[in-house]
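Trainee: Could you walk me through this model? I'd like to start with the overall picture and then go into some details.

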Amino acid sequence: MMKINRRHSALDPLSMLIRVVNLLCWLLFFIALGVFHYGRPEIDYGVLRHMDIAIRSEWLDGTQPFLYLLLLGCALLSITAFYLLKRRSRRQGDHRGYNLVSVLAFSVGLLLLITL
């Protein structure tokens, strides 16, 4: 049996950095989703009004600025990782970074949802 020598089997430091930054982007985004879920104003359902349950109509104190920072950090990290990925790519068919584009779109979309 012939052994095939593969040059691309080991990860270089830049590729490892891109993976770590990508993982940090997604981690920040999921933390931001949790902050958004628990900090946003509650939805006023008719059942809650009928049962006289208090409904919070404002953001929890300090969660909205923290959410802005998390989402901006996520967007900036994903742009940085996308730049590093494009810089590292040698061929046009190399990794396109769909997950980086999607986390960037999700974080910018959530920022727009909060701001508007």
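Trainee: What share of the residues of the protein counts as buried?

Mentor: Of the protein's 116 residues, 24% count as buried, where buried means under 20% relative accessible area, exposed over 50% and partly exposed in between, with a 1.4 Å probe and protein chains only. Keep in mind that this is a predicted model, in which local features need pLDDT of at least 70 and side-chain atom pairs count only at pLDDT 80 or more, while totals for chains, interfaces and linings use all residues. Residues are numbered from 1 along each chain as its sequence is written, and side-chain values use heavy atoms, with hydrogens and water left out.

Trainee: And what does the secondary structure come to?

Mentor: The protein has four helices and zero strands, in the order α-α-α-α along the sequence; helices (H or I, at least four residues) and strands (E, at least two) are DSSP runs, numbered from the N terminus.

Trainee: Which residues have the most contacts inside the largest nonpolar core?

Mentor: Those are Leu67, Leu71 and Ile114, in a core of 19 residues, a nonpolar core being a set of buried Ala, Val, Leu, Ile, Met, Phe, Trp, Tyr and Cys residues joined through side-chain atoms within 4.5 Å. Helices α1 (13-39), α3 and α4 (98-115) each supply at least two residues of this core.

Trainee: What is Leu67 in contact with, its neighbours within four places in sequence aside?

Mentor: Leu67 is in contact with Ala32, Val35, Phe36, Trp59 and Ile114, where contact means heavy atoms within 4.5 Å.

Trainee: Switching to Thr63, is that residue buried or exposed?

Mentor: Thr63 counts as buried because its relative accessibility is 16%. Thr63 lies in helix α3, which covers residues 63-88, and, not counting residues up to four places away in sequence, touches Val35 and Gly39. A polar atom of the Thr63 side chain also lies 2.8 Å from the backbone oxygen of Leu60.

Trainee: Now the cysteines: how many disulfides are there?

Mentor: The count comes to zero disulfides, a disulfide being a pair of cysteine sulfur atoms within 2.5 Å. For Cys25, the nearest cysteine sulfur is that of Cys74, 5.2 Å away, and Cys25 is in no disulfide. Cys74 is likewise in no disulfide.

Trainee: Is Cys25 buried or exposed?

Mentor: Cys25 is buried, with a relative accessible area of 0%, and Cys74 is also buried, its relative accessible area being 0%.

Technical notes
A polar contact is a pair of N or O atoms within 3.5 Å; within protein, one must be able to donate a hydrogen and the other to accept it, and residues adjacent in sequence count only if both atoms are side-chain atoms.
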